[in-house]
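Here's a quick briefing on the salt bridges in this model. Have a look at the structure first, then read on.

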Amino acid sequence: MQDPLPARTQPGLRRACSFEPIEPLWQRLPSRDPNGQRLADFMMFIPGLKRRSDVEIRQRLQAIHQVLEGYQEVIAFVEMNLRINTLWVSVQARPGLCLEIPLAIQAAVPEALLIGQRPDR
């Protein structure tokens with residue numbers, strides 16, 4: 001049996017069950033950390049991810065997971081939506097984190113684009 005999922009306000013990564021009915025993202029997203037501080041967030045687009053082979057998808061998801069594990073103390077929420085090839089991450093609001101983490105993800109998965117980023121950068 002799987003361990004119970006941590007509360008949404010606890011930082012760190014948690015595995016979601018793909019068989020749960022999905023509420024809209026805005027209902028699941030935490031807006032504050034356990035101390036009441038507002039969270040910041042960013043979204044990345046990974047073009048063509050869902051059309052890749054299962055092995056390639058797993059490799060990219062593992063690479064993203066390894067990057068995010070390095071930031072688990074500041075991450076409040078992560079959602080990878082393979083249907084639309086997007087990654088949503090909510091983090092503690094600290095200067096530079098919403099650029100530092102996407103750059104680390106891009107180093108591991110070069111095709112990943114920060115939403116709002118021009119593709120030529």
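A salt bridge here means a side-chain nitrogen of Lys or Arg within 4 Å of a carboxyl oxygen of Asp or Glu. This is a predicted model, where local features need pLDDT of at least 70, side-chain atom pairs count only at pLDDT 80 or more, and totals for chains, interfaces and linings use all residues. Residues are numbered from 1 along each chain as its sequence is written, and side-chain values use heavy atoms, with hydrogens and water left out. Searching the whole structure turns up 4 salt bridges.

**Bridges made by Arg 52**
- Arg 52 pairs with Glu 56 in a salt bridge, with the closest N and O atoms 3.8 Å apart.
- Arg 52 also forms a salt bridge with Glu 111, and there the closest N and O atoms are 3.8 Å apart.
- Arg 52 sits in the loop between β1 (39-45) and α2 (54-69), and Glu 111 in the loop between α3 (97-108) and β4 (113-114), so this pair ties together parts 59 residues apart in sequence. Helices (H or I, at least four residues) and strands (E, at least two) are DSSP runs, numbered from the N terminus.

**Glu 111 and Arg 60**
- Glu 111 has a salt bridge to Arg 60 too, with the closest N and O atoms 2.4 Å apart.
- Arg 60 belongs to helix α2 while Glu 111 is in the α3-β4 loop, so the two link parts 51 residues apart in sequence.
- Shared partners join Arg 52, Glu 56, Arg 60 and Glu 111 into one salt-bridge network.

- Arg 60 is buried at 17% relative accessibility; buried means under 20% relative accessible area, exposed over 50%, and partly exposed in between (1.4 Å probe, protein chains only).
- Arg 52 is partly exposed at 28%, and Glu 56 is partly exposed at 29%.
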